[in-house]
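Thanks for coming. I have one structure to go through today, and I will keep it short.

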Amino acid sequence: MSKTKKAESTHYEILFILPNKFTDDEAKTLAGWVEKTLVENGATITATEYWGKKKLAYEIKHNAYGYYGLFEFDLEGKNLAKIDNSLRLSADVLRHQIVVKPKKSAEDLARAKVIRAKIDSKKAEAEKVKAEGEKKASATLKSKEKEKDTKKVDLKDLDEKLEGILNADDLI
Amino acid sequence: MPTTKKQKECYFCVNNLEVDYKDTRTLRKFVNFYMKILPGNRTGVCSWHQRKLATAIKRSRIMALLSPTHK
C-alpha cells in the first residue's frame, strides 16, 4: 500500500441518551458538547437530530425519561475509539451507541428511487384491480338478483301455462 | 382436502425498506408479546433481512427504545 493513499472515512451514526435531571435547554447544550467532541476528533457532521424528552423502555440508573440526540458523521476509523472513550467516561451521558451506516452514492439513491416508483405503481395497479373486482362482484350480485326476479315471473307464467294445459279438454 | 398455503412475502423486500433500529413501530411487528424476536418462517422475512432485523432489535433494546421484556 502506498503511503500517499488518503485514509478513507466511514459514515457513522451516534445515538445518545442524556439523563432526566437536566432541563431541556441544558440537554441541548450537552448535545452541543457531544457535537464539539465529535468535531474535535476530526468528524464532519452531516446530519443532526434532537428527539427531545422520551420515555425509556426501561429505567437506566433510575431514570424513567431521557433526552435523545442523534448525529451522523464521517470519520476516520482510528479516531472512533477516542470519541467512544470520552463519551463513555462522561457522567452526563447515560448511554450512547455508535453504528456504521452504509454510504449511499448518487447512483444508489437513483436506483432506490426507480424501485420505489415501480413498487408504488404496482400497488396502485393492485388497488385498481381490487376495486374493479369489487365492482364486478357487486354488479354480478345485482344481476343475479334481477335474474331471480325474472325467474319468479317465469315460474308464474309456467304455472299459468300448466293450468291452461290441465284445464284443456283434449288432455288425454 | 390438502390446503395450499399462501407464501409469505418479505416485508422489507416487497416495500423496499431498510431495517432501522430507531424505527420501533416496524420492529414491534417482528416481536411477540414477550418481546422475543419472532422466527423468519413465521413473519415471512427473508433470511438476509432477518439477520439485519435481529441486530436492529438488539440495538434498539440497548438504547431503551424497545423493551427486552413485556413488563
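Before the strands, one convention: two strands count as paired if DSSP finds at least two bridges between them. Please also keep in mind that this is a predicted model.

I start with chain A and its strand β1, residues 9-18. Which strands does β1(A) pair with? One partner is β3 of chain A, residues 63-76, and the two run antiparallel with 10 bridges between them. In that pairing, A:Tyr12 sits opposite A:Phe73 of β3(A). Another partner is β4 of chain A, residues 95-100, also antiparallel to β1(A), joined to it by 6 bridges. Here A:Leu15 faces A:Gln97 of β4(A) across the pairing.

Now the domains of chain A. The assignment gives domain 1 as 9-103 and domain 2 as 105-167. How far apart are the C-alpha centres of the two domains? For domain 1 and domain 2 of chain A, that separation is 56 Å.

On to chain B. How many helices and strands does chain B have? The count is 4 helices and 0 strands, so read from the N terminus, the order of elements is α-α-α-α. The C-alpha trace of chain B spans about 45 × 30 × 15 Å along its principal axes. Chain B has 71 residues, of which 24% count as buried. Among the contacts in chain B with a separation of 6 or more, 68% come from residues 24 or more positions apart.

That is what I have for the two chains.

Key
Residues numbered from 1 in each chain as written. Chains lettered and ligands numbered in written order. Predicted model: local features only at pLDDT ≥ 70, side-chain atom pairs only at ≥ 80, totals over all residues. Domains from an automatic or database assignment. Buried ≥ 20, exposed ≤ 12 C-beta atoms within 10 Å, placed from the backbone. Contact = placed C-beta atoms within 7 Å.
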